Amino acid sequence: MLSADVNQSLALFNDGQTTDALVRLESISPGNRDANFYTCRAAMRLHVGRIAHAQSDIEHALAMNAQNSDALALKAVIAVVQNRAAEAVDMARQAVQHRPRSASAHIALSYALQAQFKLSEALDAAQEAVVQAPGSGLAWARLADLQLSVGALDKGVRAARKAAELAPRTAHAHTILGFAHLTRIDTRKARESFNEAIGLDSAAPLPRLGLGLAVIRDGNLELGRSEIEIAAGLDPGNSLIRSYLGKAYFDEKRDPQDGQQFEIAKTLDPNDPTPWFYDAIRKQTVNRPVEALQDLQKSIELNDNRAIYRSRLQLDEDLASRGTSLARIYDDLGFEQLGLIEASRSLDLDPGNHSAHRFLSDIYARLPRHEIARVSELLQAQLLQPINMNPVQPSLSITDLNVVAGGGPAEASFNEFTSMFERNRMQLTGSGLFGSNKSIGEEIVLSGLYNFMSFSLGQFHFETDGFRENNDYKHDIYDVFAQAAISPSLNIQAEFRHRKTDQGDLDLNFIMEDFSSEERRTVEQDTVRFGGRLSLHPRSHFIFSLAHNDFDGKQGPTSSTSTDYGFALTTETRQEVEEQGYQVEARYLMTLPHFDLTVGGGYYSTDSDGIASFELTPPIAQIPDDKTEFTRKHQNVYAYTKPTFGSRVTTTLGIAYDSLEEDALDMDDWSPKVGLEWNLMDNLRVRAAAFKTIKRALIVDQTIEPTQVSGFNQLFDDPNGTEARRYGIGLDVHLTKTLYIGGEVSRRDLEVPVQNDDVIFQDEQEDLYRAYLYWTPFSSLAFSSDFYMEKFKLEEEGDVNEPIKVDTVSVPISLNYFGPLGFFGKFSPIFIYQSVERSAGSSMEDGNESFILVNATIGFRLPKRRGIVSLEAQNLFDKKFRFQDDNFRKPEPTSPEFIPDRVIIGRVTFTF
């Protein structure tokens, strides 16, 4: 039983008068001080940061009663503060066992479980505390804190309001209410709550931190940073506050102060992944990607091997940090396969994580024939993202731009320059390109954020004469994007995109002279998209997308010559297609502790009007125009689930149904999906998959269906209606902290529809082999070596002049240097071997070719993260060679991966 004096002291403490409460306790004579006295005084001393004195009181209480639940609970809380999470959980469970109806014991258990990142169990403990003490403002505040941490924003706000009502004189209750308002972007109410908490307890650090975050969200970075500095001064040993102060310094471009704060945070709490993740972002932007990779891997290790990046407490949800291009770290180093592994692992653990989808999209940008998968992952990232300042680059949503690709730091992504804090402001980001063959291009995006709204206005232009006659192309794209947070659980967005393209013959055939000097292709396209996300629960999301497309394409003339009549008769053909259509898709994602579920489907319909005109030389007759009209329709549904077995095995089970009608093509079929990812050891991972796909008809080649199964892409740039079966197995090994090796083997068996008078299916086979070795011997050097082999085989002869067998081997080797002052360089020789075989009746030459190309880049990162300038050379020694690209088996032509001509490119990227 508590004495009257102790009760009076507790009443003062609950009213926020901690000093008076302690004075009242001290008036109790030593002879009347029992275990309850010591536990009460320990709680108050702990509240004001006098940990050593609190520990002494706890030991006194336990000496009087070894099973004192309150003393054990307080001891558990101290263990949490001192980063002894396992001991904390053990002591808290003892406290609950000795007194199951004690709210303080359950609150202590919630803190201990949270320290081990077991948020769902911690939330259960906090809910039990409220059940046992429904009138306790402290219990309701603890429940609100955890509900906000797991993303249950509405419940968190209600619990925080209840806490403030029950304990109006308690600073902590108002602090939690302030964070609750902050999650709703209600910064006015958040500031009011934080100021109320500061008035009640001016020495409390958390309301100062919250006030700083609210002020920064309103756009005043300097004033907000000063509040966080006060919080750090009040609690200099708080790792989390140090991390947030480092973020503020980062946004103010104050190097090295930002890094110093992250290092302090790492030392104060070695088990918190937050500062390691933030420091990885910082180091990548200051030209230290090797160290950035090491910090990122450490962050993943501390986060239970999860590459799902956010602060442990999610005080501001780290929206900006999670939106930065994590792929840039891997791209700078040339470690694309390693990035692909981490991105796919992130999606396995949380398919609703928008940053993981953006991560995977950026990685796909470097992989051939992954364009549909890339833009699809980009769309999913946009639909799942909260409002943010990330610029929407017009060029990223188009699959066939053919722009000369660089690599590493030379070709910057605009989201590399985003801030760590989202705040009301505007940002201008742009890039320019100039180089050989009269190549010139630019991309400029103005993006902004104000409270519940964000927008992005972008323009892209690129043109080049190409490396040979009629190899020129020009693109212009305009993009308008807007997003609104109707509520914390509902986001909507709209986008308009206009594209205009004019290009010649881009194909590169094994016979260098095999190209058209006259054929042209023009495209004019308008796309309107509306979509959004409804979060039914922190781990339950519904996304939808509605797109309308207006397409006008022209192609020709293409020529064919016949001597069947005893003289040469040439037929020139010109084609024009006008299409209007729409695509509707919806997908539901749910993530549970031991499996996730995604169910979705879509409907696509386009009306196509085509006309082909013919001209004969000599003009012996007139051929009437050939007009075609048809409606292309595609319906699909799918379901995927990923059961996990322990912490090492994740499986994928899925099924999809597709129904496609396109001119004479009419097909429907089921497609099963099976995948396995098994971490045999902490540094050894096996991946395997077997699945079937039907290439869907898509508006601008984007879909919200999952793009990969256990790390194997299932959306290739194949003709509509292609039925593909892929089987693959991969092995990835992290040998040391600086050495990574691995590889994968897969086969794709394809049935490709060919439309003439009737539809026939052409059997094709692709064998894909890849191996890699990545090494970071020094903090300024990264070495990568990849092996690619693709074997294509046409089972039945089609066009007599098209290849029936193409084997291609490429071995790029790259050495990347990153200087301390911002200079970087890349030297990358590539060995290529190719064998091309045509049918016996072909008049075209086949054979084999081997050659070595040398690419090189030098560049400089501008101070204060203002941008990047670079000069790069592809095919530095102007090597001439024969090469067969894969345009002959793709629906849309793109520039070849290798060009038999020296290309010098200058790039500049800037941000204000």
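Helices (H or I, at least four residues) and strands (E, at least two) are DSSP runs, numbered from the N terminus.

The model is predicted, with local features requiring a pLDDT of at least 70 and side-chain atom pairs counting only at pLDDT 80 or more, whereas totals for chains, interfaces and linings use all residues. Residues are numbered from 1 along each chain as its sequence is written, and side-chain values use heavy atoms, with hydrogens and water left out.

**Figure 1. Overview of the predicted protein.** The protein contains 23 helices and 25 strands. Its radius of gyration (taken over C-alpha atoms, with the globule rule being 2.2 Å times the number of residues to the power 0.38) is 31 Å, close to the 29 Å that the rule gives for 912 residues, so the protein is as compact as a globular protein of that length. Along the principal axes, the C-alpha trace spans about 125 × 55 × 50 Å. The mean pLDDT (the predictor's confidence in each residue, from 0 to 100) is 87, and 94% of the residues reach 70 or more. Over residues 305-324 the pLDDT is below 50, and this stretch has 82 contacts in the model beyond near neighbours in sequence, where contact means heavy atoms within 4.5 Å.

**Figure 2. Close-up of the packing of helices H5 and H6.** The axes of H5 (residues 69-81) and H6 (residues 85-98) come within 8 Å and cross at roughly 165°; axes are lines fitted to C-alpha atoms, for helices over the stretch in contact, and angles run from 0 to 180 degrees between N-to-C directions. The two helices are therefore roughly antiparallel to each other (angles under 35 degrees count as roughly parallel, over 145 as roughly antiparallel, 65 to 115 as roughly perpendicular and the rest as oblique). H5 passes H6 in a left-handed crossing, a term used if the near helix is turned anticlockwise from the far one by less than a right angle, with right-handed used if clockwise. On the H5 side the contact includes Leu-72, Ala-76 and Val-80, and on the H6 side it includes Ala-88, Met-91 and Ala-95. By class, the contact of H5 with H6 has 10 nonpolar, 3 polar and 1 charged residues, where Ala, Val, Leu, Ile, Met, Phe, Trp, Tyr, Cys and Pro count as nonpolar, Asp, Glu, Lys and Arg as charged, and the others, Gly among them, as polar.

**Figure 3. Close-up of the packing of helices H9 and H11.** H9 (residues 137-149) and H11 (residues 171-183) pack at an angle of about 25°, with their axes 9 Å apart, which makes H9 roughly parallel to H11. The crossing of H9 and H11 is left-handed. Among the residues that meet here are Leu-138, Ala-141 and Leu-148 in H9, and Ile-176, Phe-179 and Ala-180 in H11. The residues of this contact divide into 8 nonpolar, 2 polar and 1 charged.

Figure 4. Asp-255 and Pro-256 are joined by a cis peptide bond with an omega of about 20°, and Pro-256 sits in the loop between helix H15 (239-251) and helix H16 (257-268). Another cis peptide bond, with an omega of about 0°, joins Thr-617 and Pro-618; Pro-618 belongs to the loop between strand E9 (595-617) and strand E10 (626-641). Asn-470, although not a glycine, has a positive phi of about 55°, and this residue is placed in the loop between strand E3 (453-464) and strand E4 (473-487).
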